[in-house]
Amino acid sequence: MGKFNDGIFGSFSGRVGNVVGANWRGIDVLRKRPRKKPGRVGTASQLEQRAKFSMIIQFLNPIKEVAGTYFSKETKTKSRFNLATGYNLKNALIDGPGNTFTLDFSKVLISKGELRGLEGGALAAAAGQVLDLSWTDNSGQGSAAATDLVLAVVYSPSLDLFQMYNPSTAVRGDASVQLTLPAYYNATEVHVWATVV
């Protein structure tokens with residue numbers, strides 16, 4: 001892949017012969033036209049990496065709005081969602097027997113930033129599909145303010161469904177919030193992530 005700045009005719013996109021021009025994240029690039037290699041599937045390690053990547057993408061896609069908005073700082077070459085994908089690919093997968101892998105939910109991150117997170121988080125199931133989420137109000141630590149909005153995401157592995165609670169559910173100063181789940185979450189194990197924005 002070649003990079004060019006204001007070439008003889010300016011930037012261009014499309015294909016000319018075996019060269020493809022494109023604008024990728026604000027950078028004008030030239031690439032060689034890819035060749036199709038029939039029957040080539042890839043090495044064992046390539047297939048494993050593709051499967052891992054696919055697993056992370058399938059997991060994060062339903063909450064792309066969250067990871068794509070609140071994960072780290074976007075760079076010229078990587079979106080926030082790219083950064084979330086890379087982080088979870090590297091840190092949240094557990095290798096299993098026979099080239100299998102699972103998610104380590106305790107290491108999954110849906111957001112990452114400079115704003116101080118919630119401290120002393122606790123979760124308890126209550127009657128009527130309600131989760132009681134509580135934390136210690138750590139307002140005043142660094143840039144943490146009592147008015148920071150709390151965002152929560154609940155995931156059920158057995159249903160393979162997410163339930164998002166927008167950043168208007170509670171504020172840091174509340175120190176607790178009740179999350180009411182839909183009826184079809186009844187008797188399922190869930191994982192919960194909470195962050196502040």
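**Charges over rings**

A charge sits over a ring if NZ of Lys or CZ of Arg is within 6 Å of the ring centre and within 35 degrees of the ring normal. Lys52 lies over the face of Phe101, 5.9 Å from the ring centre. Lys64 takes such a position over Phe81, at 4.8 Å.

This is a predicted model: local features need pLDDT of at least 70, side-chain atom pairs pLDDT 80 or more, while totals for chains, interfaces and linings use all residues. Numbering runs from 1 along each chain as its sequence is written, and side-chain values use heavy atoms, without hydrogens and water.

**Helix α3**

Phe81 belongs to the buried set of α3, with Ala84, Thr85, Asn88 and Leu89. Buried means under 20% relative accessible area, exposed over 50%, and partly exposed in between (1.4 Å probe, protein chains only). The buried residues of α3 pack against α1 (44-60), α2 (64-70) and β5 (93-95); contact means heavy atoms within 4.5 Å.

**Aromatic pairs**

Rings of Phe, Tyr and Trp (its six-membered ring) pair if their centres lie within 6.5 Å; planes under 30 degrees apart are stacked, over 60 edge-to-face, the rest tilted. The count is nine aromatic pairs. Phe59 and Tyr155 have ring centres 5.1 Å apart and planes at 85 degrees, so this pair is edge-to-face. Both residues are buried.

Phe71 and Tyr87 form a tilted pair, with 6.0 Å between centres and 50 degrees between planes. Phe71 is buried at 2% relative accessibility. Tyr87, at 25%, is partly exposed.

**Aromatic cluster**

Phe59 and Tyr155 also belong to one aromatic cluster with Phe105, Phe162 and Trp193.

Technical notes:
Helices (H or I, at least four residues) and strands (E, at least two) are DSSP runs, numbered from the N terminus.
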